[in-house]
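Here are some questions and answers on packing and surface in one protein model. The structure comes first.

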Amino acid sequence: DLAPDLDQALRALADANRRTILTVVRSRPLSVGQIAQETGLSQKTTSHHLRVLRSAALVSDTWTGTSHLFAVNTDGLAAVRAYLDEFWPGKLTALKAAVESRKGKQDD
């Protein structure tokens, strides 16, 4: 079974609107209104998705004066990346073996 935090993060990422929000806030922190404007979602819908992303530790939020800003939480994405990275070593080893096998046949 997946760790609860990883499972929650993957469920949060399963929604296309949440992935769009992450894309919008990856370069700079934005307010709910700015995110809603850039995504075309209502502020209410944006707020809902931000709550899910925040509870999955995929975004962080800070208050700057009277502005509530949201940004990607790269630490929260680390568990997702570590999980996905587990798939690569075996695939790369298999690819290397296939290339070497093919090269050996071509040398004959």
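Q: Which residues touch the most other members of the largest nonpolar core?
A: The model is predicted, so local features need pLDDT of at least 70 and side-chain atom pairs pLDDT 80 or more, while totals for chains, interfaces and linings use all residues. Numbering starts from 1 along each chain as its sequence is written, and side-chain values use heavy atoms, without hydrogens and water. A nonpolar core is a set of buried Ala, Val, Leu, Ile, Met, Phe, Trp, Tyr and Cys residues joined through side-chain atoms within 4.5 Å, and buried means under 20% relative accessible area (1.4 Å probe, protein chains only). Among the 20 residues of the largest core, those touching the most other members are Leu22, Val25, Ile35, Leu50, Leu53, Leu58 and Val59.

Q: With which residues is Leu53 in contact, leaving aside its neighbours within four places in sequence?
A: Contact here means heavy atoms within 4.5 Å. On that basis Leu53 touches Ala12, Arg18, Ile21, Leu22, Leu58 and Val59.

Q: Why are the buried residues of H3 on the same side of the helix?
A: In helix H3 (residues 32-39; helices are DSSP runs of H or I, at least four residues), the buried residues are Val32, Ile35 and Ala36. An α-helix has 3.6 residues a turn, so residues three or four places apart point the same way.

Q: Is Leu95 buried or exposed?
A: Leu95 lies in helix H6 (residues 88-107). Exposed means over 50% relative accessible area; Leu95 is therefore exposed, at 53%.

How values were computed. Helices (H or I, at least four residues) and strands (E, at least two) are DSSP runs, numbered from the N terminus.
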